[in-house]
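Dear colleague,

Please find below the structure that I am handing over to you. My notes on its aromatic rings follow it.

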Amino acid sequence: SVKNESFGDLVLYKHFNIANNHILNSLWFKLIQTIGGRHVIFYRMASLFSYILYCIFLWKAITWKAPFSNVRSDWWLILFFLPPIMIYFTLGRGYSMATAFFTGSLYYMKAWLDEKRTSDYWKFFFCGVISSLSIVSFLFPFLAILIYIFFRSDRKVFSARNIVSAVLVLPLLGYIYYVGKTILLNDKI
C-alpha cells in the first residue's frame, strides 16, 4: 500500500488514508522499498528490533530497585511470552513499536517518579510520543500518564518543563486529530 506513495503523502495520509497506515511502520516500509529491499525480513526488522527494546524496558521495569533475591525468581518470564504480545512483534505493523516504546515510557515514568532526573522525564516523553505516532490510539494512555505525572510533580503549573511539554504535545495532538479525522472519513471498516 505504500509502494506508490511519497514519504510526504504517507505522513499526510493523502491516499493511503486508512487505519492500517501505522505511520512510522509505513515510513519504514517505504524506506526499505526505496533502498531496494525485497526480502520480508527487512520489512520486519523494525518489529523484531522493537521486541528487543520491549524486553529491555520490561526487564528494567520489573527489576527496578528490586533486591537480587527477587530478580532470581523466574515468574516474570511469562511477561515476555504472552501470546497476544508475541504476535505483534512478528507482524509488519505498528503495534510492536507502539508496545515497545509505551513499555519504555512506563519504565521511564517509574524512574522519574522515583528519582526525579530530568533525563528520565524526557525519555518518558520521547517514548510516549513515539508510541503515539506508531499507533495513534496509544496517545490516550500517554496523555493519561502525562497528566498523572503533572499531578505528582512538585512544580508549579507554569514551570519550564510543563511549558515545553505542552508546546511539544500540542502538535502531536493536532497531528493525531488530523489523522483520526482522515481515517474516519476514508476507512470504511
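Which residue lies over the face of W112? It is K116, at 4.3 Å from the ring centre. A charge counts as sitting over a ring if NZ of Lys or CZ of Arg is within 6 Å of the ring centre and within 35 degrees of the ring normal. R161 likewise lies over the face of Y121, at 4.6 Å from the ring centre.

The model is predicted: local features need pLDDT of at least 70 and side-chain atom pairs pLDDT 80 or more, while totals for chains, interfaces and linings use all residues. Residues are numbered from 1 along each chain as its sequence is written, and side-chain values use heavy atoms, with hydrogens and water left out.

The structure holds 14 aromatic pairs (rings of Phe, Tyr and Trp, the last by its six-membered ring, with centres within 6.5 Å; stacked if the planes are under 30 degrees apart, edge-to-face if over 60, otherwise tilted). One of them joins W122 and F125, whose centres are 5.5 Å apart and whose planes stand at 65°, so the pair is edge-to-face. W122 is partly exposed, with a relative accessible area of 27%, whereas F125 is buried at 4% (buried is under 20%, exposed over 50%, partly exposed in between, with a 1.4 Å probe and protein chains only).

F125 also pairs with F142: the ring centres are 5.7 Å apart and the planes at 70°, so this pair too is edge-to-face. F142 is buried, as is F125.

Ring pairs link W112, Y121, W122, F124, F125 and F142 into a cluster.

Kind regards
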